[in-house]
Amino acid sequence: MAHIQLNDLRKSYAGQEVIHGITMDISNGEFVVIVGPSGCGKSTLLRMVAGLEGISAGTISIGDRVVNDLEPRERDIAMVFQNYALYPHMSVRENMAYGLKIAKMPVAEIDARVAKAATMLELEPYLDRKPRALSGGQRQRVAMGRALVREPAAFLLDEPLSNLDAKLRVQMRLQIKELHQRTGQTTLYVTHDQVEAMTLADRLIVMNKGVADQIATPHEVYMTPASEFVAGFIGSPAMNIFTVRAEAGVAVLPGGQRLPLPGLPASGEVRLGLRPEDMELVEGDTPSIPVVLKSVEWLGADAFGYGVIEGSDVLMTLRLPGNTLAKRGDRLHVAAAQGRIHLFSPETGKRL
Amino acid sequence: MRRTVFPHKLLPWLLLAPQLAITLIFFYWPAAQAFRQSVLREDPFGLSSQFVGLANFRKVLNDPAYLNAAQVTVVFSVLVAFFAMTIALFLAVQVEKIVRGKGLYRTLMIWPYAVAPAIAGMLWLFMFNPSFGTLAWPLRQLGINWNPLLDGEQAMALVVAAATWKQISYNFLFFVAGLQAIPKSLLEAAAIDGATKRRAFWTIVFPLLTPTTFFLLVVNTVYALFDTFGIIHAVTSGGPGKSTETLVYKVYNDGFVNLIMGDSAAQSVILMVIVISLTAFQFRFIEKRVHYG
C-alpha cells in the first residue's frame, strides 16, 4: 500500500503533447477514478503510472520513490487490463501464481495466496481450467485475482468492466467496491462510464483532451462542475447548456425571454447550465423558461420530456414526474431550483 | 461452419479437377510407379523386368552405403531444421524491436526464399569453393584448412549452411506473423507481473508460438529431406566420397545415374514410409505440447 504523487505529468508523441501536465496526490488506500471520453488520454495516464508508457516530463512517485525510470516490474503495482490479458496457455491457478513464482515466493505461500484470492472471487471450481473455458465474468475475476495475489503498493485497472454485459457489469462493480473496502488498496481506475466513476470513486479525475478538468469527489463534480465539459459529461441525462446574454442582472434567453438570474455578469454572453433533474414546473406568470415539448419518454417512476425553448431551436431535456400527462406540443414553464444554476465562460469553458 | 450448397452435382468436381489432376499425375501416378518398380528387377538393357518380391528392399537395407546415406540424412536434416528455425526465430524477435525501417528489413529477409535451390547452391559454391571461392582464401588466412572437396565434415557444414540460409526466410515470415498474433497486452501483463524480457519470452511468447513452431518443424523436416536436393547437387553432388549423400540424393544417384531402377524405387518407397511415419509421429506426439490459443 502506498500513496501516489503525480507532479506536472506530461506525455508527447512525436512532438505532439497529449497529456498536458497533471498534478495530483493520491493518498494511501484511496480509490481514484480517471474518467473521460475516448481519446482524452485517461488510459495513457494510467499506463504511464504502470510504466508501460514513457514519461515526457514531470514525475510519478509511488510510496516515496520516484518511479520515472523504473521498469513496470520494479514499481510494485498490479494491473487489470480491459481485455484481461490472461495467459491463454496457463490454467487459472498458473495465471494467478505467475507473478509470485517470478518473485521466488515459497510454494506454500503461493498456494495460500492463490487459494485466498480464489475464495474471495469465487473461483475455486475453475482453478485448473484454461482461460478459454471461462465466461467473460470469470475471466474478469481471474484478472482481478492475478492482481490481488501480488498484494502490490497500488492497483491499476484499465476499463476492467467494459467487455462485460450490462448486468454483469453492475455485479462486478459492486464486487470491486467491496474488494476495495476489504483490502484498502490504493486504486487507480480508468473508465469512460460515468456510473462506474460516480459509484466507485473516492475522488474523480475528469479528463478532457489531456487536461484534468476537475479533480474532486463525485459529489463536488456533480454539484459544482469546474467546466462546461465536466458539466456535460457527468450526469444523465446530460445537463442542458446554452448561451444567454446578460443584461443588468437579467438573462436574455435564446427565445428572447428575459429571466432574472443570480450571479450573472453585468453584460456579455455566458453559458447557462441547468440539469434536467434540477428544474421544476412552475406557473406561467412567474419568471420561467417556456419549453415546447417535442416528445416524452415515460420510464415508469419518472419521465423525460424533450423540447425546445419557445422561439428558438435550443434543445431542453426535462425530468417530469411519473404521473405526468404532458405530451408532444405542450408548453411547459420551468424554473431552476435554488442554487442549482451553473454558469460557464463561453471563451474558456470554466465555471464562473 | 457455413456450408455452400452447389446447385449442380458436376460443378464442385469441375472446380476441384485441376488440383486433382495435378495431384494424380505428379504424385499418385509416380508413387504407384515407384511401388510397382520396387518389386521388379530390370535386365541391364531395360528390355525386360521380372517380379522379385521384396528382394530389392532386402538388398537396399543391407547395403552399407544406404545406411550411411540414412545417417547423413539424419545429421543433415536435424542440423538444417534446427538452425533454420532458431536463426529465423532469433531474427524475427530482433526485427520486432526495430523502430524504423521494419518493412525494409522484412523484405530483405524474405528475398533468399525467391532464389531457386540450385542457384542458392551455386551462390554458396562460388563463395566457398576451395580454388575460386571468394571466402575460401580468407578462411585459409585464418588458419583453417578449408577444403570441402576433401573434408567430408566441411562439405557437410557447407551444404547445411546453404540449405539453412535458404529456409530461414520462410521460417522468418511465419515467426514474424506468429509474433504479431500474440497480443501486446500479454507482454505488458507479464512485465507488470515482474517478468524480465527474457523470462517473458520463454514463459509467454515461446509457448504461444508453438503452433507456428510445430508447423515449421513439419515443413522444415520435409524441406530438409526432399527440397534440398538441388543444393546438394550443385554444391557437393553428394561428395566427397558419400559424406553428403542424403537418401533423396541416393535415390537420384542409383536411379538416374547408375540406372538401378529397382533399388532406386525401393528406396523411394522406404523414403515415403519414413516421411509419412515421421509426420504422423510429429502430429501424434509433439502436437500434444502445442497450445492453440
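Q: Which residue in β13(A) stands opposite A:A251?
A: The residue opposite A:A251 in β13(A) is A:L259. Some conventions come before the rest. Residues are numbered from 1 along each chain as its sequence is written, while chains are lettered from A and ligands numbered from 1 in the order in which they are written. This is a predicted model, in which local features need pLDDT of at least 70, side-chain atom pairs count only at pLDDT 80 or more, and totals for chains, interfaces and linings use all residues.

Q: How many bridges pair β12 with β13(A), and in which sense?
A: Strands of a sheet pair through backbone hydrogen bonds, either parallel or antiparallel. Here, helices (H or I, at least four residues) and strands (E, at least two) are DSSP runs, numbered from the N terminus. Two strands pair if DSSP finds at least two bridges between them. Strand β12 of chain A, residues 250–252, pairs with β13(A) over three bridges, in the antiparallel sense.

Q: In what order do the strands of the open sheet stand?
A: The order is β13-β12-β11-β14-β20 in chain A, five strands with antiparallel pairing. The edges are taken by β13 (258–260) and β20 (342–344) of chain A; each has a single partner strand, so one side of each is left without a neighbour in the sheet. On average, neighbouring strands of this sheet are turned by 40° against each other, direction ignored. For such angles, axes are lines fitted to C-alpha atoms, for helices over the stretch in contact, and angles run from 0 to 180 degrees between N-to-C directions.

Q: Over how many bridges do β11 and β14 of chain A pair?
A: β11 (residues 240–247) and β14 (residues 267–274) of chain A are joined antiparallel over eight bridges. One of these links A:N240 with A:L274 in β14(A). β11(A) also runs antiparallel to β12(A), with three bridges between them, and A:E247 has A:V250 in β12(A) as its bridge partner. The hairpin of β11(A) and β12(A) has two residues between the strands, and A:A248 there takes a positive phi near 50°.

Q: Why does A:A2 count as buried?
A: A residue is buried if 20 or more other C-beta atoms lie within 10 Å of its own, exposed if 12 or fewer, and partly exposed in between, with C-beta atoms placed from the backbone. A:A2 is buried because 20 other C-beta atoms lie within 10 Å. A:A2 belongs to the segment before β1 (4–13) of chain A. Its C-alpha atom is separated by 4.6 Å from that of A:G63, 61 residues apart along the chain. Two residues are in contact if their C-beta atoms, placed from the backbone, lie within 7 Å. Beyond four places in sequence, A:A2 touches A:N28, A:I62, A:G63, A:A153, A:A154 and A:T186.

Q: How many residues has the largest nonpolar core?
A: In soluble globular proteins, nonpolar side chains tend to be buried together. A nonpolar core is a set of buried Ala, Val, Leu, Ile, Met, Phe, Trp, Tyr and Cys residues joined through C-beta atoms within 7 Å. The largest has 104 residues, and A:I34 and A:L156 have the most contacts inside it. A second, separate core of 43 residues includes B:F174 and B:L225. Leaving aside neighbours within four places in sequence, the contacts of A:I34 include A:K42, A:L45 and A:L46.

Q: How many residues of helix α1 of chain A are buried?
A: Seven of the nine residues of α1(A), which spans 42–50, are buried; among them are A:K42, A:L45 and A:L46. A:G51 follows α1(A) and has a positive phi, near 95°.

Q: Into which domains is chain A divided?
A: Domain bounds come from an automatic or database domain assignment. Chain A is divided into domain 1 (4–233) and domain 2 (240–276 + 288–344). Their C-alpha centres lie 39 Å apart, and five residues of domain 1 are in contact with five residues of domain 2.

Q: How many residues of chain B are in contact with chain A?
A: 16 residues of chain B are in contact with 17 residues of chain A. On the chain B side, α8(B) gives the most, with six residues. For the complex, the predictor gives an ipTM of 0.82 and a pTM of 0.79.
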